[in-house]
Amino acid sequence: MGTNDTPPEEPKGPEQPPREARPDGPPRAGEQPAPRPGKPAAEPTGPTEPVASTEPAAAVEPTGPVEPDEPATPAASPAGTDGTDGPEATGRQRLVAGLWPPRVSRAQLIVALLLFVLGLGLAIQVRSNSDSSALRGARQEDLVRILDELDGRTKRLEDEKQQLEDQRKELESSSNQAEEARRQTVEKERQLGILAGTVAAQGPGITLKITDPKGQVESDQLLDALQELRAAGAEAIQINGVRVVAGSYFSDEGGHIAIDGKKITQPYEFKVIGKPQDLEPALNIPGGVVQTLEKEQATVAVTRSAKIIVDALRAAKQPDYARSSSS
């Protein structure tokens with residue numbers, strides 16, 4: 001009889017339920033530890049592949065106006081990162097970089113010094129030329145008068161020089177030098193007395209009369225008239241009974257003009273001894289005394305005379321410390 005070589009199946013026992021991991025105990029062999037409650041499960045460290053979704057992605061509708069696509073503009077890289085030297089410098093920056101800090105050489109310093117000296121000379125020349133601009137608009141008659149006045153001053157200086165030379169020759173050639181020296185001393189004393197105002201004087205000259213009805217004339221304008229007369233060769237001057245000498249001064253006191261502290265009232269009358277042909281033109285030059293006083297609405301009258309008497313005297317003042325020295 002045939003025999004069945006297949007071994008009989010062993011009876012299966014009842015199925016056991018799957019074992020659950022014990023949270024508190026260590027995992028058994030072949031089991032992975034279950035995550036503890038309260039802590040997130042550890043993420044896998046290995047590379048993960050995305051799970052393909054079978055559902056189609058929902059299209060996102062634009063919420064605003066759709067603009068056409070623009071080409072992407074590459075961002076400007078900072079200087080030096082892409083191998084370039086940065087943006088190119090402008091012309092002004094190159095000019096500033098070339099001028100500052102200044103680089104001055106010795107030749108440039110010498111040229112600058114020469115230019116400074118040249119400019120200074122030109123400025124002085126222009127200023128000297130502008131001083132004579134007041135005479136450019138003068139009339140021919142006024143220019144001739146000014147030249148005559150200058151010639152007169154030159155002639156007076158030459159005459160004075162000649163007199164001094166004659167005196168020296170007389171002292172050297174005179175047989176009685178003592179008598180000649182005494183005579184010259186007396187003459188010199190008389191001349192100095194006239195200049196000092198201690199001696200009366202007379203001679204040709206002019207009379208200057210200034211009438212100021214509105215009281216606009218001040219002391220400095222009278223002083224200007226006095227200086228102009230002295231420059232023209234005036235030898236003796238008297239104003240309203242006051243002898244004017246080298247040390248006289250003018251001042252304004254209480255609405256009046258005073259000379260050496262003595263008040264004078266208008267009209268102001270100058271008695272001047274000198275050469276009339278030189279004194280009168282000196283007052284009438286363009287921009288001179290007469291024009292200046294007339295701008296102040298004053299009336300000026302100049303009268304020539306063959307004999308002017310200056311009889312106002314000043315007391316001789318003895319010096320306190322100075323004494324004559326014998327040579």
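Two strands pair if DSSP finds at least two bridges between them. Helices (H or I, at least four residues) and strands (E, at least two) are DSSP runs, numbered from the N terminus. Keep both in mind, and look at S1 and S7. They run antiparallel, joined by six bridges.

Before I go on, some ground rules. This is a predicted model, where local features need pLDDT of at least 70, side-chain atom pairs count only at pLDDT 80 or more, and totals for chains, interfaces and linings use all residues. Residues are numbered from 1 along each chain as its sequence is written, and side-chain values use heavy atoms, with hydrogens and water left out.

Now the overview. The protein chain has seven helices and eight strands. Buried means under 20% relative accessible area, exposed means over 50%, and partly exposed is in between (1.4 Å probe, protein chains only). Of the 327 residues in the chain, 20% are buried. Contact means heavy atoms within 4.5 Å. Take the contacts between residues at least 6 apart in sequence: 75% of them join residues at least 24 apart.

Back to the strands. S1 also runs antiparallel to S8, with 10 bridges between them. There, Gln-202 stands opposite Ile-309 in S8. S4 (residues 250-253) and S5 are antiparallel too, over four bridges. Ser-251 has Ala-258 in S5 as its bridge partner. This hairpin has two residues between its strands, and Gly-254 takes a positive phi near 60°.

Next, the core. A nonpolar core is a set of buried Ala, Val, Leu, Ile, Met, Phe, Trp, Tyr and Cys residues joined through side-chain atoms within 4.5 Å. In soluble globular proteins, nonpolar side chains tend to be buried together. The largest core here has 29 residues, and Leu-222, Leu-229, Ile-237 and Phe-270 touch the most other members. Several elements give two or more residues to this core, including S1, S7 and helix H7 (289-295). Which element gives the most? H5 does, with four residues.

Find Ile-237. Leaving aside neighbours within four places in sequence, its contacts include Leu-226, Leu-229, Val-244, Phe-270 and Val-310. A second, separate core has six residues, among them Ile-194, Ala-201, Ala-236 and Val-310.

Now helix H6. Six of its eight residues are buried, so H6 is largely enclosed by the rest of the structure. The buried ones are Pro-276, Asp-278, Leu-279, Pro-281, Ala-282 and Leu-283. They pack against H3, S1, H5, S7, H7 and strand S8 (299-310).

Is Glu-228 buried or partly exposed? At 22% relative accessibility, Glu-228 is partly exposed. Not counting residues up to four places away in sequence, Glu-228 touches Glu-149, Arg-153, Ala-282, Leu-283, Ile-285 and Val-289. Glu-228 and Val-289 are 61 residues apart in sequence, but 7.8 Å apart in space, C-alpha to C-alpha.

On to the backbone. Most residues other than glycine have a negative phi, and most peptide bonds are trans. Asn-240 has a positive phi, near 50°. Asn-240 is in the loop between S2 and S3, and is partly exposed at 28% relative accessible area. Asp-260 also has a positive phi, near 55°. Asp-260 is in the loop between S5 and S6, and is buried at 17%. Then there is a cis peptide bond between Gln-266 and Pro-267, with omega about 0°. Pro-267 is in the loop between strand S6 (262-264) and S7.

Last, the pocket. On a 1 Å grid over the protein atoms alone, a pocket is an open set of points where a 1.4 Å probe fits, with protein on both sides within 12 Å along at least five of seven lines; lining residues have an atom within 4 Å of a point. Volume is the space filled by probe spheres set on the points, which are joined across faces, edges and corners. The largest pocket comes to about 1,300 Å³. It has 39 lining residues, and the closest to its centre are Glu-160, Gln-163, Gln-191, Leu-195 and Glu-235. H4 gives the largest share of the lining, 11 residues.
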